Amino acid sequence: AWASVQAAPADKILGLTVLYNNDTNPSKINLGVGAYRDNDGKPWILPSVKAAEQVLAQTETNKEYVPIVGSPKFNELIKKMLYSHDEAGKKLLEDGRVLTAQGISGTGSLRVLGEFVRTFYPKSKKVLVPNPTWANHVAILEKAGLTTGKYSYYDYKTNALDEAGLLNDLASAEPGTVVLLHACCHNPTGVDPELEQWDKILDVVSQKQLLPILDMAYQGFRSGSPIDDLAILFKFNKAVVDGKISNFLLSQSFAKNMGLYGERVGSLSLITAGPEETARVKSQLEKVIRPLYSSPPSHGSKLVEIILSDDAIYQQWLKDVRVMSDRLVEMRKLLHDKLKNTYKNPLNWDHLLNQKGMFCYTGLKEDQVKRLIEKSVYLTSDGRISIAGIYPANVDNLAKAIHEVTTN
Ligand code: LMR
């Protein structure tokens, strides 16, 4: 039956993990997938997650299905985590205007939002994504039946935000177009708009009545605090309350900031006109989710519930996020120091220090990436490196390899 099936290319990000695992070189370095590693290069289960697992082992009474849109307790805690730290968010909650559903991490949440937009948003079936964006974004949205286009985002000459290009492209969009924005720690570039640039983005979104989808996969990795990283969300909440924009959608993931990669836990939120609309939209979300995966998995979401509701474990989580984000900053400095001071690399590596979050968009060209992979240093073909894969014992080898491919 499958004789005519052609082999598909490997996944641009996860395919690298397969190559890395098959490599027998003991000095191999994996800077492909964005997954946190500790200072010994090992995966890290957060102490807060370990603590929550102990509580869960003692208290869990069933493994029943959770409702189609997820555990009510989980959804209430997510709403509190996201919308109770600013006046506008509180107002949206009080007015019954926030609908939150448990999702299957960022990917699953975004897919559900995409399906919902395609089915129920009459103004447009087109989503603009930043150029560049996460390798999976276009596929998620197109498989949901939407078409995609790009807006300018990154200035390859300055390694910074192409503010003029971005604003111009959004201003040229058809009114009502959907626009995907990375809430913080843009993947793959590590370049985020500054707060005043977000104001300008919101002005254009308002003028053209664009429908924003905020994708928040790295909450906490920009500032070190998951709450401080909500600053962008606060602006969107205020814009809705002030009537400047009518709506926005949000997908959110605990893969990175709780290290719950394989648990597949996250959420999606929509703003509605009020409680009656919330109930209607919820009923249709259920119709979207049920044939896709019936209801979300519950082990990871139960851990999140414990972390967000037990004060001591919550405080531990805030510390854990700080540990991860501080280590990434340290590794940026260390690699920068090695490249500039040990190897005297002639290129400007300031963007290593300036970019935020788990990734650095190095500017390495595809042929240089190929040569690095030949040296057992794995990174995506666009030159993105996951800073999380750097640790004190491999940074020298890494800097040496980068120096060699950029100077010879
Ligand atoms: C990444 O960009 O490396 C992560 O978001 C993991 C993934 O699923 O691609």
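Me: What do the buried residues of α11 pack against?
Reply: They pack against α2 (47–59), α3 (72–83), β2 (98–103) and α12 (311–342). Helices here are DSSP runs of H or I with at least four residues, strands are runs of E with at least two, and both are numbered from the N terminus. Contact means that two C-beta atoms, placed from the backbone, lie within 7 Å.

Me: What kind of model is it, and what pLDDT do local features need?
Reply: This is a predicted model, where local features need pLDDT of at least 70, side-chain atom pairs count only at pLDDT 80 or more, and totals for chains, interfaces and linings use all residues. Residue numbers start from 1 along each chain as its sequence is written.

Me: Which residues are buried in α11?
Reply: Gly300, Ser301, Lys302, Leu303, Val304, Glu305, Ile306, Ile307 and Leu308.

Me: Which residues touch the most other members of the largest nonpolar core?
Reply: Val179, Ile307 and Ile387, in a core of 108 residues. A nonpolar core is a set of buried Ala, Val, Leu, Ile, Met, Phe, Trp, Tyr and Cys residues joined through C-beta atoms within 7 Å. Helix α12 gives the most to this core, with 8 residues. Domain 1 and domain 2 both contribute residues, so the core lies between them.

Me: What is Ile387 in contact with?
Reply: Leu328, Met331, Arg332, Met358, Phe359 and Cys360, leaving aside neighbours within four places in sequence.

Me: Where do the domains run?
Reply: Domain 1 is 14–45 + 322–407, and domain 2 is 65–309. Those bounds come from an automatic or database domain assignment. The C-alpha centres of the two domains lie 29 Å apart.

Me: How many residues of domain 1 are in contact with domain 2?
Reply: 21 residues of domain 1 contact 17 residues of domain 2. On the domain 1 side, α12 and β11 (359–361) each supply at least two residues. Nonpolar covers Ala, Val, Leu, Ile, Met, Phe, Trp, Tyr, Cys and Pro; charged covers Asp, Glu, Lys and Arg; the others, Gly among them, are polar.

Me: What does UniProt list for residues 27–402?
Reply: An unreviewed UniProt entry lists "domain: Aminotransferase class I/classII large" for that span. UniProt positions are in the numbering used here, feature names are shortened, and annotations may be inferred rather than shown by experiment. The end C-alpha atoms of residues 27–402 lie 14 Å apart, and the span is 46% helix and 14% strand.

Me: Next, the ligand. Which residues surround it?
Reply: Ile13, Val33, Gly34, Trp134, Asn136 and Asn187. A residue counts as near if its C-beta atom, placed from the backbone, lies within 6 Å. The shell has 3 nonpolar, 3 polar and no charged residues.

Me: Asn187 again: what sort of peptide bond joins Asn187 and Pro188?
Reply: A cis bond, with omega about 20 degrees. Pro188 lies in the loop between β7 (178–182) and α8 (195–207). The Asn131 to Pro132 bond is cis too, with omega near 5 degrees. Pro132 lies in the loop between β3 (126–131) and α6 (137–143).

Me: What is phi of Arg264?
Reply: Near 55 degrees, a positive value in a residue other than glycine. Arg264 lies in the loop between β9 (249–253) and β10 (266–271). Arg264 is buried, with 22 other C-beta atoms within 10 Å.

Me: And Val265, buried or exposed?
Reply: Buried, with 29 other C-beta atoms within 10 Å. Val265 touches Ser105, Phe254, Leu260, Gly300, Ser301 and Val304, not counting residues up to four places away in sequence.

Me: What about phi of Ser376?
Reply: Positive, about 70 degrees, although Ser376 is not a glycine. Ser376 lies in the loop between α14 (366–374) and β12 (377–378). With 18 C-beta neighbours inside 10 Å, Ser376 counts as partly exposed.

Note on methods. Buried ≥ 20, exposed ≤ 12 C-beta atoms within 10 Å, placed from the backbone.
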